[in-house]
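Morning, everyone. Please bring up the structure on your screens, and we will walk through it together.

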Amino acid sequence: MSGPEVANTPGGGAPGKEGKEPVANGHAGDGPDANPFAEYMWMENEEEYNRQVEEELLEQEFLERCFQEMLEEEDQDWFIPSRDLNNQGVGQLQQQLNGLSVSDHHSNVEEVARKSMLNPEAKEFVPGMKY
């Protein structure tokens, strides 16, 4: 057996030739219609892929900026005494609070009762009791 007879026997001939046609790039193809550049086809749309990745990165950057602006606006809306009040404002508030007092004069109680619009004949309210 020599030449064409060896190629037709199982295991004979070039390795990897059993049922597959050789292709120009040296790899065995799936048939005569196999594309020899199939592994490089992603490069055909490389510009489109780069554009999509760039759009995604820009969108992510935009969302991060929006989120940061939202946090800054939220910080401005909150009242933080150490930031929003100067020392003068705190002292003024303390003076106003010191000026407040609760009086316990009985004469005021009688005057309030006289001017009251409440019904003096009403039953006394007791929580939990139904009338």
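Let's start with the salt bridges. This is a predicted model, and the structure holds 2 salt bridges. Which residues are linked in the network of salt bridges? They are Glu48, Arg51 and Glu55.

Take the pairs one by one. Glutamate 48 pairs with arginine 51. Their closest N and O atoms sit 2.4 Å apart. Now go to the other pair. Arginine 51 also forms a salt bridge with glutamate 55. Again, the closest N and O atoms are 2.4 Å apart.

Buried or exposed? Glutamate 48 has 36% relative accessibility, so it counts as partly exposed. Arginine 51 has 38%, so it is partly exposed too. Glutamate 55 has 43%, so it also counts as partly exposed.

Now stay on helix H2, which covers residues 46–77. Aspartate 75 has its place there. Its relative accessibility is 44%, and therefore it counts as partly exposed. What does aspartate 75 belong to on the surface? Asp75 is part of a patch of negative charge. The patch also gathers Glu69, Glu72, Glu73, Glu74 and Asp77.

Next, a patch of another kind. Phe37, Tyr40, Met41, Trp42 and Met43 make a nonpolar surface patch. Its area is about 580 Å². Look at phenylalanine 37 in particular. It lies in the loop between helix H1, residues 4–8, and H2. Why does phenylalanine 37 count as exposed? Its relative accessibility is 53%, and the exposed class begins over 50%.

On to helix H3, residues 81–84. Aspartate 84 is found in this helix. At 35% relative accessibility, aspartate 84 counts as partly exposed. Which residues does aspartate 84 touch, leaving aside those up to four places away in sequence? The contacts are Trp78 and Phe79.

Let's zoom out to the whole protein. How many helices and strands does the protein have? The count is 5 helices and 0 strands. Read along the sequence, the pattern is α-α-α-α-α.

Last, the surface. The protein has 131 residues, and buried residues make up 3% of them. The protein exposes about 13,000 Å². Carbon and sulfur atoms supply 54% of that area.

To recap, follow helix H2 on your screens. Glu48, Arg51 and Glu55 form the salt-bridge network. Aspartate 75 is in helix H2 as well, and Asp75 is among the residues of the negative patch. Then find Phe37 in the nonpolar patch. That's it from me.

Methods: Residues numbered from 1 in each chain as written. Predicted model: local features only at pLDDT ≥ 70, side-chain atom pairs only at ≥ 80, totals over all residues. Heavy atoms only, no water. Patch = residues over 30% accessible without salt bridge, like charges linked within 9 Å, V, L, I, M, F, W, Y side chains within 5 Å. Areas by Shrake-Rupley, 256 points an atom, 1.4 Å probe, with all protein chains shown as cover. Salt bridge = Lys/Arg side-chain N within 4 Å of Asp/Glu carboxyl O. Lys, Arg positive; Asp, Glu negative; His and termini not counted. Charge placed at Lys NZ, Arg CZ, Asp CG, Glu CD. Helix = DSSP H or I, 4+ residues; strand = E, 2+ residues; numbered from the N terminus. Buried < 20%, exposed > 50% of the residue type's maximum accessible area, 1.4 Å probe, protein only. Contact = heavy atoms within 4.5 Å.
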